[in-house]
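Hi,

Here's the structure I said I'd pass along.

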Amino acid sequence: MPKEARPTTGEQAKQHALAQLRQAILHGEMAPAQRLVENELAEQFGVTRASIRAALIDLEAQGLVERIRNRGSRVRVVTVEEAVAITECRMVLEGLCAAKAAVAASDEQLAGLADLGAAMQKAVADGEPVTYSELNHRLHDRIREISGQQTAVELLERLNAQLVRHRFQLALRPGRPQQSLNEHLAMIEAISARDPQAAEAAVRAHLASVIEALSD
């Protein structure tokens, strides 16, 4: 981190450490069950141990970190059972967002969704699962944004953060992108038709498929 950008107050230092740790966990740079040693992290991010400790408390509240008694903190391990339960909650919230997006979307926003769908089709045709996974994530984000349902968006951000590892593994599973592509295109089609019931049903069908894949 450049010297001029180094945090100068306790709160800034905590927020800096929080952002860096969260990004590392979400990007898979820190693996599930990896120990988070306060001294090492403080040196890595150029902050105090107190700032690291405060950041870890926040990450624990977000479900990304867990504290093991007498052993410190580690990246939280999300079991398949937990991933299924989280996805069941997503089904309700993302269905709501899709229904609202179908009503609220402008023509320009619908064109943007269509462009994402075309890019996803290309990624599958080119055999690029990582690109497809990124586009998948972007599509869900865009639908939530269009919905304007901020409470659902905030809840989903927390839920989705806990599923990063499982979602990435699913994206790399042979045949999975091809299957989920049609589900995502159905979501785009229903929203573009401005049919809230069909949009919600398409999202629920997609996430039911995710649950089935997680359980395999």
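Domain 1 and domain 2 bury about 560 Å² between them, and 54% of that is on carbon and sulfur atoms. Bear in mind that this is a predicted model. The domain assignment puts domain 1 at 10–75 and domain 2 at 80–215. Where they touch, 9 residues come from domain 1 and 6 residues from domain 2. Their C-alpha centres are 29 Å apart.

There's also a UniProt annotation to go with this: an unreviewed entry places "domain: HTH gntR-type" at residues 11–78. Over that stretch the chain is 54% helix and 15% strand, with the end C-alpha atoms 29 Å apart.

Several helices give two or more residues to the lining, among them helix 1 (10–26), helix 4 (80–104) and helix 10 (196–215). Which helix gives the largest share? That's helix 6, with 9 residues. Sorted by class, the lining has 19 nonpolar, 15 polar and 10 charged residues.

And where does the pocket sit relative to the two domains? Domain 1 and domain 2 both give residues to its lining, so the largest pocket lies between them.

That's what I have for now.

Cheers

Terms used. Residues numbered from 1 in each chain as written. Predicted model: local features only at pLDDT ≥ 70, side-chain atom pairs only at ≥ 80, totals over all residues. Heavy atoms only, no water. Helix = DSSP H or I, 4+ residues; strand = E, 2+ residues; numbered from the N terminus. Nonpolar A, V, L, I, M, F, W, Y, C, P; charged D, E, K, R; others polar. Domains from an automatic or database assignment. UniProt positions renumbered as here; feature names shortened; annotations may be inferred. Contact = heavy atoms within 4.5 Å. Buried area = accessible area lost by both parts, 1.4 Å probe.
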